[in-house]
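Thanks for asking me to look this over.

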Amino acid sequence: MALSLVFNKMKIKYLTYLIITLISDSIYSQFDEYTVKAQFMERFTHYIEWPEGSTIKNQEIPFRIGVYGENHFENKLNEIAELIEIKNKKVELREVDFKSILDCDMLFISKCSEEELNKIIRIAVGRSILLISDSDGFGKKGVHINFYNKNDKINFEINISSTRRDTFKISSRLLKLARIIE
Amino acid sequence: MKRIKDISLEKKMIFVIIISVLIPLILAISVIIINVSKFYRDDLIDEAELSAKIIADFSVADIQFNSQDISNKSLSFIGKNAKFLRIVIFKENGEIFSEFIKETHEKNHIMHRNENISYYEGEYLYTYQIIKQDAKTFGTICIVSSTELMNKKIIDFLIGAIILSVIILFLAILLGQKFTKSLLIPIENLVKKAGQITNDASYDIQLQKFGNDEIGKLYDSLNIMLSNINERSIERDKALNALKISENNFKEIFNSSHDAIVIHDLNMKIVDANETMLKMFEISNDELTNMSVAKELSSRKNDFDLLNVRWQKVLNNQPQEFNWISKKPKTNEEFVSQVNIKKIVLSDKEIVIATIRDITELEKANDKLRNSENKLQKIFDILQVGAGLLSGRNIVEVNNKMCELIGYSREELVGYSSRKIYKSEEHFLNFGKIIADNFSNIGSCHQEVEWVRKDGKFITVILDLMPLSFENSVENFILFSFLDITELKMAEREIKELNSDLENRVKERTTELELANKELEAFSYSVSHDLRTPLRGIREFSKIILEENMQQLNEEGKKYLLKVINNTISMKNLIDDLLNFSRLAQEKIVLEKITMETVVNSVINTINDSLPNNNIKFIVHNCDCLINADPNLLRIAVFNLFSNAVKFTSKNENPIIEFGKYNLSEAKEKFGVENIVFYIKDNGVGFDMEHADKLFGAFQRFHSKKDFEGFGIGLATVNKIISKHNGQIWATSELNKGATFFFTIGETTNLNL
């Protein structure tokens with residue numbers, strides 16, 4: 001069985017992903033916080049439409065995920081990036097600074113100063129970059145989606161003002177699950 | 001089955017109605033219930049599946065983002081549907097992710113399935129739906145639905161249907177009863193009537209029908225059938241009656257027949273016989289049964305072998321008729337009988353019927369008849385006129401004389417049409433018409449007709465025909481006889497020819513004679529007339545010579561000259577007479593009414609004037625009768641007669657001349673003449689009666705000229721005048737004793753009468 005699978009690359013990929021997700025789901029509680037967050041980030045892309053005019057539909061450019069600041073994901077994002085496609089494109093993962101913020105489609109902002117955040121937001125405004133963070137209060141400050149913990153469960157909030165401003169279309173199903181910040 | 005047959009029609013009908021309403025109703029309700037429950041079950045499945053799909057769709061994000069609370073909320077919202085008792089979302093590993101359960105529902109173990117399926121188990125519907133997005137499986141939804149509500153609806157529907165069925169059934173029975181009644185009443189009536197008809201055996205009733213449906217038609221048909229049966233039964237009764245009568249009649253006829261009738265079986269054994277038979281043979285019925293016609297009842301003189309042959313023929317359907325000498329068994333008296341034997345089928349049984357007729361008397365009569373016939377035939381043949389008998393126009397009988405006259409033999413005539421003795425078809429047909437006309441007008445026919453003999457000669461016959469009808473014969477016979485008048489006819493024809501020839505010759509001669517007479521008259525007239533002029537010359541010149549040359553003539557000469565003059569005078573008189581005579585022939589008489597007396601007196605005066613000193617005594621008897629005559633001619637005639645009398649009395653010394661007449665009665669008595677007759681009588685010399693027929697011819701003289709002057713023309717003139725007046729003249733005389741002339745004038749009327 002394993003031999004026949006070797007010949008079909010697509011099937012192997014799919015199977016591997018299935019195994020991983022199965023494993024990951026089954027041992028959900030044992031995963032650490034950032035694994036869940038990485039999974040959530042990938043799942044977000046299913047419920048969010050990037051603005052018109054962004055490079056998201058350009059098949060030559062991969063889906064670029066940037067991490068700003070301290071990378072808590074370690075290899076977890078890489079693993080995902082290598083295995084899956086987002087928006088039918090290959091995924092490229094990079095750690096970014098201010099200069100390279102613009103080369104991202106999705107940017108995870110780790111804990112940083114308010115100044116830094118403001119600067120990033122200023123740069124990212126109107127640039128079709130989905131901003132995600134996991135710091136209290138960041139949601140209110142203009143980050144599009146912000147993780148928070150409640151009853152030992154990872155939840156998220158969505159700043160619909162920001163998303164509206166940056167013309168991201170967010171599925172109601174996602175909005176239903178999120179805490180909404182006006 | 002027998003019981004069902006015995007149930008009344010009404011109950012059967014209602015039973016049929018119930019069955020026919022119930023079965024389809026139950027079937028319909030069953031089908032509907034099945035369909036409805038299937039519909040409800042499918043509907044429930046559809047609803048549950050739809051709900052499951054919606055939940056699945058909504059739950060992807062919940063599972064992805066691990067939002068159990070929100071998922072529970074969503075489920076409880078869906079769970080408000082009364083049909084859903086429990087909704088469970090399993091994660092992929094079978095772990096329950098979220099769940100909704102009704103308070104009323106018991107929380108049992110629920111199985112996890114990784115497939116899309118719906119199934120009923122117990123009173124629940126289990127619906128599983130895999131939660132999927134972008135070919136990725138997130139878990140399974142299970143909805144447990146209650147069937148209670150559905151079942152309740154089905155039961156409600158069932159109850160409604162049953163109630164409706166009951167109502168329909170009730171209505172159907174109600175209506176059915178009504179229709180059944182309208183159907184059954186006529187039938188019951190029919191049953192009743194039929195029973196009545198059967199009991200009474202009377203078919204002269206008619207059924208009152210209730211409507212025009214099939215039963216109505218049945219009624220009509222039954223009525224027709226009834227009337228037919230009725231007619232037939234009447235006819236049958238009539239026929240039975242007729243049969244009875246005919247049987248009686250037959251028996252009567254059978255017994256009253258003048259002929260003896262014997263019925264045999266095929267073995268010549270007597271079966272039955274009529275009374276005449278018993279009388280004829282003077283036996284009783286019982287005696288007869290042991291006898292046989294061929295033995296006890298027959299004379300031994302008969303030919304019994306022939307009888308057997310005849311019997312066989314009869315059996316072969318050839319009826320036989322023959323004479324037979326029968327015998328009366330008791331007296332042994334024999335008699336001649338005529339027997340008819342014939343085989344017939346009576347009531348499917350073959351019998352032989354024999355009729356026996358005593359023909360002794362008949363035979364005697366026949367002999368007489370034959371004798372008389374022979375006599376008649378002989379008379380017929382001996383007749384010396386042709387005779388025969390026709391039927392229509394066909395010859396039935398001819399006698400010998402006819403054959404002799406016609407030239408055909410008897411065989412050539414009898415049986416043929418009489419056409420062969422006629423000249424042509426036309427003659428034949430025309431004579432047929434003449435016969436028919438005569439028969440219808442005078443009942444017989446007497447005609448002359450021309451026939452043709454066998455040798456082609458024509459003969460003329462006088463044919464007498466008379467219709468003759470015999471008794472017992474439809475044919476119309478005609479009896480005829482004829483006389484051959486061919487020779488008579490030829491003689492007659494010759495006489496006719498001669499007569500007509502003679503007449504023609506007489507006519508010719510008469511015309512010739514008349515012509516000659518006329519020529520003669522014209523000749524004598526012209527001769528006389530032309531003679532007068534030279535005669536006058538002679539006389540006048542002689543006179544002149546006598547007067548002027550008196551002296552130169554001697555006595556002798558004077559004497560001769562005087563003679564010349566006298567002769568010329570006498571010649572002149574003769575010529576005048578001749579002229580008058582011939583003029584008479586040419587002159588036309590002009591009739592006037594005159595009296596004879598005046599004529600006679602005038603004549604006597606003239607005579608007295610011309611002969612003065614005569615001693616003649618004229619006696620005129622009463623003659624004053626009126627005559628229709630030409631006065632001048634009559635005067636000439638009378639004058640001539642008187643001068644004639646004067647002349648022939650001149651030798652008498654006492655001449656007497658009488659004139660008179662005989663009246664009608666006297667004339668008739670004396671002369672047989674129907675007219676007044678005048679006469680003139682003298683006592684002169686008279687004449688010989690031998691010459692009486694020549695008396696009135698011209699230039700006839702009976703006396704010498706020396707004795708009496710005259711040329712013999714006077715009486716001819718008289719005759720002519722009298723005949724011109726359609727009169728007659730004749731005379732009687734004795735020599736030397738005088739003569740009497742008698743005459744009549746056409747129209748004479750006696751004035752005295």
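The points below go through the two chains, their contact, and a few local features.

1. A word on the source before anything else: this is a predicted model. Please read each point below with that in mind.

2. Let's start with the overall make-up. Chain A has eight helices and 10 strands, while chain B comes to 18 helices and 23 strands. Of the 182 residues in chain A, 30% count as buried; in chain B, the buried share is 22% of 753 residues.

3. For chain B, residues 24 or more positions apart account for 56% of the contacts with a separation of 6 or more.

4. Next, where the chains meet. Chain A puts 11 residues into the contact and chain B puts in 10 residues. On the chain A side, the elements giving two or more residues are α2 (9-26), α3 (33-47) and α8 (172-177). Of these, α8(A) gives the most, with four residues. Sorted by class, the chain A side holds five nonpolar, one polar and five charged residues.

5. In chain A, have a look at strand β6 (residues 130-133). A:Leu130 and A:Ile132 point one way from this strand, A:Leu131 and A:Ser133 point the other way, and all are buried.

6. β6(A) has parallel partners. Four bridges join it to strand β5 (residues 106-109) of chain A, and the two run parallel; here A:Met106 stands opposite A:Leu130. Between β5(A) and β6(A) the chain passes through helix α5 (residues 114-124) of chain A, in a β-α-β crossover that is right-handed. Strand β7 (residues 145-150) of chain A also runs parallel to β6(A), joined by two bridges, and A:Ile132 has A:Ile145 as its bridge partner there.

7. Which residues touch the most other members of the largest nonpolar core? They are A:Leu107 and B:Ile141, in a core of 66 residues. Helix α2 (residues 9-64) of chain B gives the most to this core, with eight residues. Leaving aside residues up to four places away in sequence, A:Leu107 touches A:Gly66, A:Tyr68, A:Val96, A:Ile101, A:Ala124, A:Ile129 and A:Leu131. A second, separate core has 42 residues, including B:Ala629, B:Leu634, B:Ala637 and B:Ile745.

8. Chain B has an open sheet of five strands, in the order β2-β1-β5-β4-β3, with antiparallel pairing. Its edges are β2 (96-101) and β3 (117-121) of chain B; each has a single partner strand, so one side of each is left without a neighbour in the sheet. From one strand to the next, the twist averages 15°. Within this part of chain B, β1 (residues 84-91) and β5 (residues 136-146) run antiparallel and are joined by seven bridges, with B:Phe84 opposite B:Ser145.

9. Two helices lie across those strands. α2(B) lies across β1, β2, β3, β4 (124-133) and β5 of chain B, at about 35° to β4(B). Helix α3 (residues 68-78) of chain B lies across β1 and β2 of chain B, at about 30° to β2(B).

10. There is also a hairpin in chain B. Strands β6 (residues 260-264) and β7 (residues 270-273) of chain B pair in the antiparallel sense over three bridges, and B:Ile263 has B:Asp272 as its bridge partner. Five residues lie between the two strands, and B:Met268 in the turn has a positive phi of about 70°.

11. Is helix α18 (residues 714-724) of chain B largely enclosed or open? Nine of its 11 residues are buried, so α18(B) is largely enclosed by the rest of the structure. Among the buried ones are B:Leu715, B:Val718, B:Lys720 and B:Ile722. After α18(B) comes B:Asn726, with a positive phi near 60°.

12. Finally, a contrasting residue in chain A. A:Glu60 sits in the loop between β1 (48-49) and β2 (63-68) of chain A. It counts as exposed because it has 6 C-beta neighbours inside 10 Å. A:Glu60 and A:Lys89 are 29 residues apart in sequence, and their C-alpha atoms are 8.2 Å apart in space.

Terms used. Residues numbered from 1 in each chain as written. Chains lettered and ligands numbered in written order. Predicted model: local features only at pLDDT ≥ 70, side-chain atom pairs only at ≥ 80, totals over all residues. Buried ≥ 20, exposed ≤ 12 C-beta atoms within 10 Å, placed from the backbone. Contact = placed C-beta atoms within 7 Å. Nonpolar A, V, L, I, M, F, W, Y, C, P; charged D, E, K, R; others polar. Pairing = 2+ DSSP bridges. Core = buried A, V, L, I, M, F, W, Y, C linked by C-beta atoms within 7 Å. Axes fitted to C-alpha atoms, helices over the stretch in contact; angles between N-to-C directions. Right-handed = clockwise from strand over helix to strand, strands pointing away.
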